[in-house]
Amino acid sequence: MLNQLILCSLIVSAAAYVVPAETAKDSAASPKGQKRMLSELERRLPFLKGVDQEGRQEFFAIIHNETLSKAEIWEAVELWASKQDKPTKEAVAEFHKNLENHVKNSRLRVEKIVQNLPEALQKLSEIIEAVDISRTEEKSKIESLYASLDADTTKTLQFLVDLVSFRKNEGRSGGAERKALKMESKTESSTKIL
Ligand SMILES: *[C@@H]1O[C@H](CO)[C@@H](O)[C@H](O)[C@H]1NC(C)=O
């Protein structure tokens with residue numbers, strides 16, 4: 001169990017070394033882009049601050065190597081770190097510690113959302129499907145429901161409702177749009193407050 005958690009942390013952490021494609025493209029384009037990429041990398045990988053040009057090149061050769069597996073990247077980075085000076089080693093260790101915390105916390109958050117969501121969805125459906133209440137009552141009930149949930153669950157619920165909303169789906173197509181919008185305001189009052 002512990003081993004599994006550590007392995008998972010390490011593998012997820014390796015994702016931290018992925019350079020955003022846009023940033024990489026930028027760097028090829030101009031010296032200005034190159035500078036921007038370096039400062040972006042320093043922001044994301046703060047342990048590079050005290051590393052000289054050669055050390056950086058070695059590091060980038062590892063993280064840009066497309067044939068290495070994620071675990072191999074991780075091992076190579078660990079080996080690279082062991083050859084750096086003490087402050088850099090400590091900075092790498094701190095970076096990895098932060099990543100591990102992030103992995104643990106994000107996993108807990110996702111678990112909590114998944115656990116809370118079914119009941120929250122059920123309650124929301126009941127409110128939306130209740131035809132004997134006014135739209136003002138509906139609005140206030142939905143607001144109370146959101147207030148009763150933790151922030152992550154509320155955001156996820158709102159995301160789902162928005163994702164499948166009439167406005168963003170069937171109601172979206174060109175010519176029928178105006179008609180659909182009109183209908184939506186009549187039938188989908190619940191989406192208004194989302
Ligand atoms: C990627 O890593 C492999 C294994 O260490 C090595 O053989 C290969 O030359 C590297 N590729 C590049 C482009 O550096």
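1. Read along the sequence, the chain runs α-α-α-α-α-α-α-α-α-α. That makes 10 helices and 0 strands in the chain, where helices (H or I, at least four residues) and strands (E, at least two) are DSSP runs numbered from the N terminus.

2. A friendly word on what you are looking at: this is a predicted model, in which local features need pLDDT of at least 70, side-chain atom pairs count only at pLDDT 80 or more, and totals for chains, interfaces and linings use all residues. Residues are numbered from 1 along each chain as its sequence is written.

3. On the chain as a whole, 8% of the 194 residues count as buried. A residue is buried if 20 or more other C-beta atoms lie within 10 Å of its own, exposed if 12 or fewer, and partly exposed in between, with C-beta atoms placed from the backbone. Among contacts in the chain with a separation of 6 or more, 60% come from residues 24 or more positions apart; two residues are in contact if their C-beta atoms, placed from the backbone, lie within 7 Å.

4. Now to the pair α4 and α5. The axes of helix α4 (residues 53-63) and α5 come within 9 Å and cross at roughly 170°. Axes here are lines fitted to C-alpha atoms, for helices over the stretch in contact, and angles run from 0 to 180 degrees between N-to-C directions. The two helices, α4 and α5, are therefore roughly antiparallel to each other, a label for angles over 145 degrees, with under 35 counted as roughly parallel, 65 to 115 as roughly perpendicular and the rest as oblique.

5. Glu58, Phe59, Ile62 and Ile63 of α4 meet Ile73, Ala76, Val77 and Trp80 of α5. By class, this contact of α4 with α5 has 7 nonpolar, no polar and 1 charged residues. For the classes, Ala, Val, Leu, Ile, Met, Phe, Trp, Tyr, Cys and Pro count as nonpolar, Asp, Glu, Lys and Arg as charged, and the others, Gly among them, as polar.

6. Trp74 also sits in helix α5 (residues 70-82). Trp74 is partly exposed, because 19 other C-beta atoms lie within 10 Å. Its C-alpha is 9.0 Å from that of Ile63, and Trp74 and Ile63 are 11 residues apart in sequence.

7. The second pair to check is α6 and α7. Helix α6 (residues 86-129) and α7 pack at an angle of about 175°, with their axes 10 Å apart, so α6 is roughly antiparallel to α7. Lys123, Leu124 and Ile127 in α6 meet Glu138, Lys141, Ile142 and Leu145 in α7. The residues of this contact of α6 with α7 divide into 4 nonpolar, no polar and 3 charged.

8. Helix α7 (residues 135-148) has 14 residues and reaches 20 Å from its first C-alpha to its last, close to the 20 Å expected at 1.5 Å a residue; the expected span is 1.5 Å times one less than the number of residues. Of the 14 residues of α7, 1 is buried, so α7 lies largely in the open. Lys139 is in helix α7 and is partly exposed, with 16 other C-beta atoms within 10 Å. The C-alpha atoms of Lys139 and Ile127, 12 residues apart along the chain, are separated by 9.1 Å.

9. Last, the ligand: around it are Ala61, Asn65, Thr67 and Leu68, where a residue is near a molecule or strand if its C-beta atom, placed from the backbone, lies within 6 Å of it. This shell divides into 2 nonpolar, 2 polar and no charged residues.
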